[in-house]
Amino acid sequence: MNAQAPAPVRSRGGRVAVATAVAGTVFIAAGAFWLSFTALADLARRSGIGAGQAWAWPLIVDGIIVVATVAVVALARQRSAWYPWVLLAAGALVSVTANAIHAVVAADADVPGVLAAAVAAVPPLVLLAITHLTVILTRPASEPVPPPLADEEEPTPESGLSEPQAVIPAPAPEQTPAWEVAVRLRDAEGWSNKAIARHLGVHPSTVGRWFARPELTTRDEQETP
């Protein structure tokens, strides 16, 4: 029986490193969310949404990125995982596009629009990546490994022989010679050379040589009426 392999366990130093990484990712995610939030809220006000409701638009756009990222990790390797992936892609596309548009609209005249859009696209992209990293870091170090099945001997399938299985027990060598048993199985039972060889534990060529001996052929002809 195979011994069950122990599940890997994080060391104390590993747990400290993971905790530090999680704290850093949360801090970065908060900064990226704040930059994206202020830009989208200002774009919502410029687009005609009232100042009292403008704050809700960035929460909807960037909030769906956070929720969809967590759902993607939670539903990994499941058929329903395609839906949070679609929401994640749509939310990221809207957030990046809206941040870029706001940068082009609100940037100074001496700053190229392409540069302003590229700078503004960094916070939502970092928010997307850092949220995914935070979820991965907070997952358990390892999942329980099911014990392996005990080694069991499986029966070897037959090679499709049409001859019946061993019905006549193999006699001891001191009682009856093996070649006489082979002749009896061939003439009385109609077994093939391969089945006889398997029954007697010899090679099929050995059975063929037995039947090729002149004394066996002469004996068969004498016994045949």
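The protein has eight helices and zero strands; helices (H or I, at least four residues) and strands (E, at least two) are DSSP runs, numbered from the N terminus. The model is predicted, so local features need pLDDT of at least 70 and side-chain atom pairs count only at pLDDT 80 or more, while totals for chains, interfaces and linings use all residues. Residues are numbered from 1 along each chain as its sequence is written, and side-chain values use heavy atoms, with hydrogens and water left out. Of the 225 residues, 28% count as buried (under 20% relative accessible area; exposed is over 50%, partly exposed in between; 1.4 Å probe, protein chains only).

Helix α4 covers residues 113-137. The end C-alpha atoms are 37 Å apart, which agrees. α4 bends by about 25° at valine 122 (the angle between axes fitted to the seven residues ending there and the seven starting there). Proline 123 follows within four residues. The buried residues of α4 include Pro123, Pro124 and Leu127. They pack against α1, α2 and α3.

The structure holds three aromatic pairs (Phe, Tyr or Trp rings, the six-membered one for Trp, with centres within 6.5 Å; planes under 30 degrees apart are stacked, over 60 edge-to-face, the rest tilted). Phenylalanine 33 and phenylalanine 37 are stacked, 6.2 Å centre to centre with 25° between the planes. About one helical turn of α1 separates phenylalanine 33 and phenylalanine 37. Phenylalanine 37 counts as buried at 16% relative accessibility. Tryptophan 34 and phenylalanine 37 are also stacked, with centres 5.9 Å apart and planes at 15°. Tryptophan 34 is exposed, at 53%. Phe33, Trp34 and Phe37 form one aromatic cluster.

Technical notes:
The expected span of a helix is 1.5 Å times one less than its number of residues. Contact means heavy atoms within 4.5 Å.
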